[in-house]
Amino acid sequence: MPTAVTAAVSRGAGQKFLIEELLLQDPRPDEVLVRYTAAGLCHTDLEAAAGNLPTPHPVVLGHEGAGIVEAVGTAVTGFAPGDSVVLSLDSCGTCRNCLAGQPAYCDHHIPLNFHSRRADGSVGLRDASGRPVHDHFFGQSSFASHGLAHSRGLVKVPAGLPLSMLAPLGCGLITGAGAVLNSLRVQVGSTVVVFGLGAVGLAALMAAAASGATRIIAVDRNPERLSLATELGATDVIDATTANTAEAIMDLTGGRGVDHSVESTGAIPVMNTAVAVLAPLGSAAILGVAALDATLQANAFELLKGRTVTGSVMGHQAPGLLIPRLLDLHQQGRFPLEHLVTTYPLTDIDRAMADVGAGTTVKAVLTHRS
């Protein structure tokens, strides 16, 4: 029997979300029915709602879901009703990168995650008039009370943990932390600079502290974020509105530069600075999403000194491995992600968006009634 669903629906580019009652099909043999209790609000969701991504409307967005498994298809193994899960990206599971343990670089990443439909083109949702509503956004569409997901996108977590706190691990927090742990492989005694102190940047900062970096420089334009960064492990902060960022970083490092830089703003000038302030043998991870035609600039001679620049998506490791790593660090008190989260009822999605846009909320998490 179809499941009654309450969801935030984006019906057109730039339009406000509408809270609607929908009907959801039963899971297919390879699908899992999840009762969502929380979903993080990510910049990618907002870009899709604005019509800036290849995502059709009407659509239920949301790709940092967490909840309880309610039913599993006949072909699903490893999950059972009652399991607590965090959901992350979808992937094909069979291409070269998936088989190498890197599902974020799946050959079919765009259609499986942004086209908001199954691989065969079908969708699982219908509105009150019987018309289809796109779902399967990042394989989950978690701005809803229930959704269908493929088991490849699920990560089982211990029962009893607050899922509203864990939901952002599905994308934003693993993106920042994984860049530090996996792409840059920050070591004890390293110097690290983080540009941009949203959820992604602050996750990177916490991971740098957990990795034993001895100098962690935080750069942002928001004084409250700079203050929070200090609480989370930053040894130095730079207000980009009042300081020449590159000069300040070089002064703090005695003219040497940093071993590692993390860029999470998506602004090309900031990306250029993240590369320019590297020490010899230093490495920069670019996490921010720039325009498709944007060009990163770097001094070619300086790159000869062993400097490297890398992109990093979704933590550069399978979420099924990275999320438990971060949970272990959290339980040790070394990844205090609860300092980032503010919860809102799903019906207050517009207020959550406004607070994120104003910079008063780091990571908004939408919660659903049981």
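This is a predicted model: local features need pLDDT of at least 70, side-chain atom pairs count only at pLDDT 80 or more; totals for chains, interfaces and linings use all residues.

Which side chain meets glutamate 302 in a salt bridge? I looked it up: the partner is arginine 307, at 2.8 Å from N to O. My cut-off for a salt bridge is a side-chain nitrogen of Lys or Arg within 4 Å of a carboxyl oxygen of Asp or Glu.

Residues are numbered from 1 along each chain as its sequence is written, and side-chain values use heavy atoms, with hydrogens and water left out.

**Entry: salt bridges**

I found 13 salt bridges in the structure. Next I checked accessibility, where buried means under 20% relative accessible area, exposed over 50%, and partly exposed in between (1.4 Å probe, protein chains only). Glutamate 302 comes out partly exposed at 27%, and arginine 307 is buried at 11%. I also noted a network: Arg11, Glu20, Asp127 and Arg131 are joined by salt bridges that share partners.

Then I went to aspartate 120, which forms a salt bridge with arginine 28, with 2.8 Å between the closest N and O atoms. This pair links distant parts of the chain, 92 residues apart: aspartate 120 is in the loop between α3 and β7 (125–126), and arginine 28 is in the loop between β2 and β3 (31–40). For these labels, helices (H or I, at least four residues) and strands (E, at least two) are DSSP runs, numbered from the N terminus. Aspartate 120 is exposed at 54%, while arginine 28 is partly exposed at 31%.

**Entry: lysine 156**

What does lysine 156 meet in a salt bridge? I found aspartate 83, at 3.6 Å from N to O. Aspartate 83 is buried at 16%; lysine 156 is partly exposed at 47%.

Lysine 156 turned up again over the face of phenylalanine 79, 5.7 Å from the ring centre. The test I used is NZ of Lys or CZ of Arg within 6 Å of the ring centre and within 35 degrees of the ring normal.

**Entry: aromatic rings**

I counted four aromatic pairs. Rings of Phe, Tyr and Trp (its six-membered ring) pair if their centres lie within 6.5 Å; planes under 30 degrees apart are stacked, over 60 edge-to-face, and the rest tilted. Phenylalanine 17 and phenylalanine 143 have ring centres 6.1 Å apart and planes at 75°, so I logged them as edge-to-face. They lie 126 residues apart, phenylalanine 17 in the loop between β1 (3–10) and β2 (18–24), phenylalanine 143 in the loop between β8 (132–133) and β9 (146–150).

Phe114, Phe137 and Phe138 form one aromatic cluster.

**Entry: the sheet**

Last, I traced an open sheet of five strands, in the order β4-β1-β2-β7-β8, with antiparallel pairing. Two strands pair if DSSP finds at least two bridges between them. The edge strands are β4 (59–60) and β8. Between β1 and β4 I found two bridges, and serine 10 has valine 59 as its bridge partner in β4.
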